[in-house]
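Take a walk through this structure, one region at a time.

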Amino acid sequence: MRIYLVLLSLALLQQEGRARPEAAGCKSPEALRVAEEALEQVNQDRTHGYILSLNRLYDISHTPDKQKGALLYKLSIDVMETKCHVISRKPWKQCAVRGMGGVPVYGECQVSVHVDSEVKLQSYTCALREVSDMDMVRQCPDCPTADDVNDPHVREAANLSLQKFNKESRLSNHFRLENITGASSQWVFSSIYFVDFIIVETVCSKNTQPDAVKDCPPMDCQFAHRGFCFGSHMEMRFPGGQMDNSSVEVECEIYEPQAAAAEEQAHAEAGHEHVGHQHNNHTHLHPHEHLHSATPTATAVSGARSSLGTVVNQPAPVRSDPAARFCPSRRRHNIGIITRELTDYD
């Protein structure tokens, strides 16, 4: 009997520990698990911007929600922007943090989640900011600095990169520029422009004449592919002012739309062999030479629901000390830059 009571007590203590991860503060494995899952759901909810990575859990608290039979947790999470765009739908742990060579972006998210047997996102607000150009130049004079995405040189870099992708791609249709999501530049022997941009599949096949590609409308159907590209262009001019456009590099990831992924899953569950088929002059599941992810695009995923939160760009706030014990947790990322902003942010 005594052994039974001891075992029962240990089981209750273990259950209590899982139900209340803040009991051991921000450094407990359970608290970090809740923060990691919460941030995963934040990223999945978003349709714009880059995937955020957990840097540290800054503070944690909870209140009982008797109506839902769960605990409502409020988390303060320090985040770093990654190189992955949210349309990739990648888990944040698979994405590299944007470091010194890519204009670091950092911030904090205030997240509310219900915790019972699962972690369920309720709401969030995130504030982000770039490390300033002044601090970047001071710490790394040769690193790229941020540029305006509407700068003519940036747009030219995006257009030239897209032209190179369309020329080299084995995909059935041409793609067009949807929007530019980030840009930076640096000077080496001449100006080099780096650009991140989203592309969308058009109705024009690869046989379309080059001079007509710019007028190709995007494919307006649920099977249209989208992609995320990294491009660069070194501006080199010959004597006389002629531009050398050969120094262009591009790498794109093309994402299978949710409709195609769902149809493929339905075929698999039905036990049918699926080798590719046509939808409005569009073939999916075809081989190609560029990186590929079978996860659904953000547009397809978020089309039927509203967002649970917001992400804004704003200066670092003045924060009070953490209220929970053993907070904050240890920082996971060190971008190798010491600035007044990051010191205040600590």
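**A walk through the model**

Leaving out residues up to four places away in sequence, Glu36 touches Leu54, Trp92, Lys93 and Arg332. Contact here means heavy atoms within 4.5 Å. Glu36 sits in helix 2. Helices (H or I, at least four residues) and strands (E, at least two) are DSSP runs, numbered from the N terminus. Glu36 is buried, at 17% relative accessible area. Buried means under 20% relative accessible area, exposed over 50%, and partly exposed in between (1.4 Å probe, protein chains only).

This is a predicted model, in which local features need pLDDT of at least 70 and side-chain atom pairs count only at pLDDT 80 or more, while totals for chains, interfaces and linings use all residues. Residues are numbered from 1 along each chain as its sequence is written, and side-chain values use heavy atoms, leaving out hydrogens and water. The pLDDT is the predictor's confidence in each residue, from 0 to 100. The chain averages 80, and 73% of the residues score at least 70. Over residues 4-19 the pLDDT is below 50, and this stretch has five contacts in the model beyond near neighbours in sequence.

Now the interior. A nonpolar core is a set of buried Ala, Val, Leu, Ile, Met, Phe, Trp, Tyr and Cys residues joined through side-chain atoms within 4.5 Å. The largest one has 34 residues; Leu57, Ile60, Leu75, Ile77, Val111 and Val113 touch the most other members. Helix 2 gives the largest share, seven residues. Another core, of 18 residues, lies apart from it and includes Ile180, Ile199, Cys252 and Ile254.

Next comes helix 4. Its 17 residues, 152-168, should span 24 Å at 1.5 Å a residue, and the end C-alpha atoms are 24 Å apart, which agrees. The expected span is 1.5 Å times one less than the number of residues. Buried residues of helix 4 include Val154, Leu160 and Phe165. Among the elements covering its buried residues are strand 6 (173-187) and strand 7 (191-205).

Last, the aromatic rings. Rings of Phe, Tyr and Trp (its six-membered ring) pair if their centres lie within 6.5 Å; planes under 30 degrees apart count as stacked, over 60 as edge-to-face and the rest as tilted. The structure holds three such pairs. Phe228 is buried, at 2% relative accessibility. Tyr50, Phe228 and Phe230 form one aromatic cluster.
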